[in-house]
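Student: I have a new structure to look at. Please show me how to read it, feature by feature.

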Amino acid sequence: MNDELQDNVYKEDFELGVGNALGRGWSEMRENFLVFLLAVLVLTVFMMPVNIDGDDHGDVSALIGILETAYLVLLYPIINYGADMIFLRGVRGDRVEVKSIFDGFDNYVNVILASLLTAGLIGIGLVVFIIPGIYVACRLAFVSYLVMDEDLDPIAAVEASWRLTRGHTWRIFLLAIVSIFVFVLGLVLLIVGVFPALIWIKASFAALYLAITGEEEVVETVSED
């Protein structure tokens with residue numbers, strides 16, 4: 001009876017499907033709105049590009065370009081991965097603290113290398129042709145969760161994400177498409193709506209990840225039995 005009850009709770013909370021992920025994301029957005037909002041605000045600040053006009057000074061412009069690249073490679077992934085972890089914990093029902101957005105510094109090397117590896121693989125796919133790049137992006141959508149939550153190294157995280165997303169590529173792609181419309185709608189709503197839109201999107205992806213990993217655990221348990 002306990003196993004049946006746990007299965008029912010799992011199906012209710014993290015049932016597979018884009019609609020279920022969006023529904024769960026919306027529910028968790030309302031539940032943890034202030035924490036999620038602050039996390040998104042911090043992430044937005046770190047997303048702001050350095051915009052200094054160096055057109056009249058080639059050396060200055062080149063230096064700024066180097067600094068921006070270093071920033072995007074060596075700092076921004078830490079905040080981005082940390083934000084993903086906050087949303088994962090919130091959707092999962094764990095205690096959430098905004099300061100956790102900086103937890104990536106405790107696993108700095110793995111976060112940076114995982115971000116580089118993911119970007120490189122997606123970039124190769126895009127160069128070959130746009131569709132392969134999109135496909136690779138969908139298959140590697142869960143790398144940040146696996147690095148932060150499971151403490152996997154970059155190669156193991158990429159391999160695990162590839163395995164987990166097998167058979168779920170269309171769900172991830174569809175959620176990404178819906179997310180674009182949600183983001184655009186947020187822009188239309190006097191720009192202020194962008195923040196709730198980002199919260200909903202990130203919470204929905206975390207919910208989909210939990211649903212897929214939950215299904216994986218159920219399958220492995222059944223196989224072992």
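Tutor: Start with accessibility. Buried means under 20% relative accessible area, exposed means over 50%, and partly exposed lies in between (1.4 Å probe, protein chains only). D94, at 35%, is partly exposed. Know your source too: this is a predicted model, where local features need pLDDT of at least 70, side-chain atom pairs count only at pLDDT 80 or more, and totals for chains, interfaces and linings use all residues. Residues are numbered from 1 along each chain as its sequence is written, and side-chain values use heavy atoms, with hydrogens and water left out.

Student: How many salt bridges does a search of the whole structure find?

Tutor: First the rule: a salt bridge is a side-chain nitrogen of Lys or Arg within 4 Å of a carboxyl oxygen of Asp or Glu. The search finds seven. In one of them, R92 pairs with D94, and their closest N and O atoms are 2.8 Å apart. R92 is partly exposed at 31%. Another joins E97 to R95, at 2.9 Å from N to O. R95 is exposed, with 68% relative accessibility, while E97 is partly exposed at 27%. Salt bridges with shared partners also link R92, D94 and D149 into one network.

Student: Are R24 and E28 buried or exposed?

Tutor: R24 is buried at 17%. E28 is buried too, at 9%. Their side chains form a salt bridge, 3.2 Å from N to O.

Student: Where do R24 and E28 sit along their helix?

Tutor: The general idea comes first. An α-helix has 3.6 residues a turn, so residues three or four places apart point the same way. Helices here are DSSP runs (H or I, at least four residues), numbered from the N terminus; strands are runs of E, at least two. R24 and E28 are four residues apart in helix 2 (residues 18–31), about one helical turn.

Student: What span does helix 6 reach?

Tutor: The expected span of a helix is 1.5 Å times one less than its number of residues. Helix 6 (residues 108–128) has 21 residues and reaches 30 Å from first C-alpha to last, close to the 30 Å expected. Its buried residues include N110, V111, I112 and A114.

Student: How do helix 7 and helix 9 cross?

Tutor: Two packed helices are described by the angle between their axes and the distance between the axes. Axes are lines fitted to C-alpha atoms, for helices over the stretch in contact, and angles run from 0 to 180 degrees between N-to-C directions. The axes of helix 7 (residues 130–139) and helix 9 (residues 154–164) come within 8 Å and cross at roughly 100 degrees. The two helices are therefore roughly perpendicular. (Under 35 degrees counts as roughly parallel, over 145 as roughly antiparallel, 65 to 115 as roughly perpendicular, and the rest as oblique.)

Student: Which residues make the contact?

Tutor: Contact means heavy atoms within 4.5 Å. Helix 7 supplies Y135, V136 and R139; helix 9 supplies S161, W162 and R163.

Student: What is the phi of D151?

Tutor: Most residues other than glycine have a negative phi, and most peptide bonds are trans. D151 is not a glycine, yet its phi is positive, about 60 degrees. D151 lies in the loop between helix 8 (143–149) and helix 9. D151 is exposed, at 53%.

Student: And which residues does S144 touch?

Tutor: S144 lies in helix 8. At 6%, S144 is buried. Leaving aside residues up to four places away in sequence, S144 touches Y81 and D84.
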